[in-house]
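Here are some quick notes to read alongside the coordinates. Have the viewer open and hop to each spot as it comes up.

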Amino acid sequence: MTQHPRISKAVIPAAGLGTRFLPATKATPKEMLPVVDKPAIQYVVEEAVAAGLDDVLMVTGRNKRPLEDHFDRNYELESALQKKGDADRLAKVQESSDLATMHYVRQGDPKGLGHAVLCAAPHVGEEPFAVLLGDDLIDPRDPLLQRMVEVQEQRGGSVIALMEVAPEQIHLYGCAAVETTEDSDVVQVSGLVEKPDPADAPSNYAIIGRYVLDPHIFDILRRTEPGRGGEIQLTDALQQLAEDEKIGGPVHGVVFKGRRYDTGDRGDYLRAIVRLACEREDLGPDFRTWLRSYVAEEM
């Protein structure tokens with residue numbers, strides 16, 4: 001099987017307004033909302049780095065300066081912690097600034113995910129690259145992105161992450177028509193549709209927020225007209241790749257059955273915090289004891 005070039009760049013679209021979390025996101029980017037004691041965006045950057053992608057471009061918008069500050073050095077804070085001899089907190093502060101080589105570009109107009117990805121074209125160039133959406137946190141014990149990179153290097157083209165959902169929920173996601181391959185967790189994608197009515201959905205395979213894309217996607221996005229919601233949809237561009245392998249290779253999907261935390265919905269955001277806090281060695285024992293007591297009292 002042909003070995004394709006190693007992927008080194010990750011793109012993280014982070015220009016959304018976070019309206020579902022107002023008023024908390026009036027002055028604070030939704031990506032900076034804490035999940036236990038780290039902002040959600042740091043989990044995403046850590047995932048990219050764990051998969052070997054240490055060149056990270058963040059596509060931002062207005063009022064997103066705190067994202068840049070978080071991944072930059074804070075010499076005043078570091079100096080204060082050093083003087084106190086607080087080595088543990090100093091290490092946590094320095095961790096985010098040492099994670100990866102960070103780059104930033106602004107998406108001037110909120111024209112959709114496809115447009116946000118297109119903003120990355122000058123940085124990415126002619127290389128395959130990964131796209132990670134900040135609302136989806138993937139548990140590091142379930143290395144989805146690493147598997148997707150592996151599949152792309154073996155098969156070429158583009159790779160998307162898929163997850164089986166209940167048929168009545170498929171209208172909340174992009175949906176893929178698929179064919180099986182010799183690998184049990186890999187399917188070939190023959191078609192895609194953005195948020196279909198359940199009766200029209202080709203399957204219950206939903207696209208979740210991880211992509212490994214062939215650079216030909218940029219040419220297609222430049223020609224893609226606004227679709228659902230008046231936005232340039234990445235799903236529409238991927239549909240063209242799936243229809244014609246000659247453009248940029250095939251589109252495959254990795255079927256994910258691991259642990260995923262959705263921080264884009266208020267209820268799921270709270271559940272993600274509870275689940276991750278329960279699993280922490282430093283917080284879990286006491287927190288689980290309190291949680292059992294609380295639930296027992298409420299029941």
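The points below cover a helix, a helix pair and a few backbone spots.

1. First, a reminder that this is a predicted model.

2. Start with helix α7, which runs over residues 144-155 and has twelve residues. From its first C-alpha to its last it reaches 16 Å, close to the 16 Å expected at 1.5 Å a residue.

3. Is α7 largely enclosed or largely open? Nine of its twelve residues are buried, so the rest of the structure largely encloses α7. Buried here means under 20% relative accessible area. The buried set takes in Leu-144, Leu-145, Met-148, Val-149 and Val-151, and also Arg-147, Gln-152, Glu-153 and Arg-155.

4. Next, look at helix α3 (residues 75-84) and helix α4 (residues 87-97). Their axes come within 9 Å and cross at roughly 160 degrees. Angles over 145 count as roughly antiparallel, and α3 and α4 are therefore roughly antiparallel to each other. The crossing of α3 past α4 is left-handed.

5. Which residues meet where α3 and α4 touch? On the α3 side they are Leu-77, Glu-78, Leu-81 and Gln-82, and on the α4 side Arg-89, Leu-90, Val-93 and Gln-94. Sorted by class, this contact has four nonpolar, two polar and two charged residues.

6. Now for the backbone. Most peptide bonds are trans, and most residues other than glycine have a negative phi. Against that background, check the bond from Leu-22 to Pro-23, which is cis, with omega near 5 degrees. Pro-23 sits in the loop between β1 (9-13) and β2 (34-35).

7. Val-36 isn't a glycine, yet its phi is positive, near 65 degrees. You'll find Val-36 in the loop between β2 and β3 (38-39). With a relative accessibility of 24%, Val-36 counts as partly exposed.

8. Asn-63 is another non-glycine residue with a positive phi, near 65 degrees. Look for Asn-63 in the loop between β4 (55-60) and α2 (65-70). Is Asn-63 buried or exposed? Its relative accessible area is 60%, so Asn-63 is exposed.

Note on methods
Residues are numbered from 1 along each chain as its sequence is written. This is a predicted model: local features need pLDDT of at least 70, side-chain atom pairs count only at pLDDT 80 or more; totals for chains, interfaces and linings use all residues. Side-chain values use heavy atoms; hydrogens and water are left out. Helices (H or I, at least four residues) and strands (E, at least two) are DSSP runs, numbered from the N terminus. The expected span of a helix is 1.5 Å times one less than its number of residues. Buried means under 20% relative accessible area, exposed over 50%, partly exposed in between (1.4 Å probe, protein chains only). Axes are lines fitted to C-alpha atoms, for helices over the stretch in contact, and angles run from 0 to 180 degrees between N-to-C directions. Angles under 35 degrees count as roughly parallel, over 145 as roughly antiparallel, 65 to 115 as roughly perpendicular and the rest as oblique. A crossing is left-handed if the near helix is turned anticlockwise from the far one by less than a right angle, and right-handed if clockwise. Contact means heavy atoms within 4.5 Å. Ala, Val, Leu, Ile, Met, Phe, Trp, Tyr, Cys and Pro count as nonpolar, Asp, Glu, Lys and Arg as charged, and the others, Gly among them, as polar.
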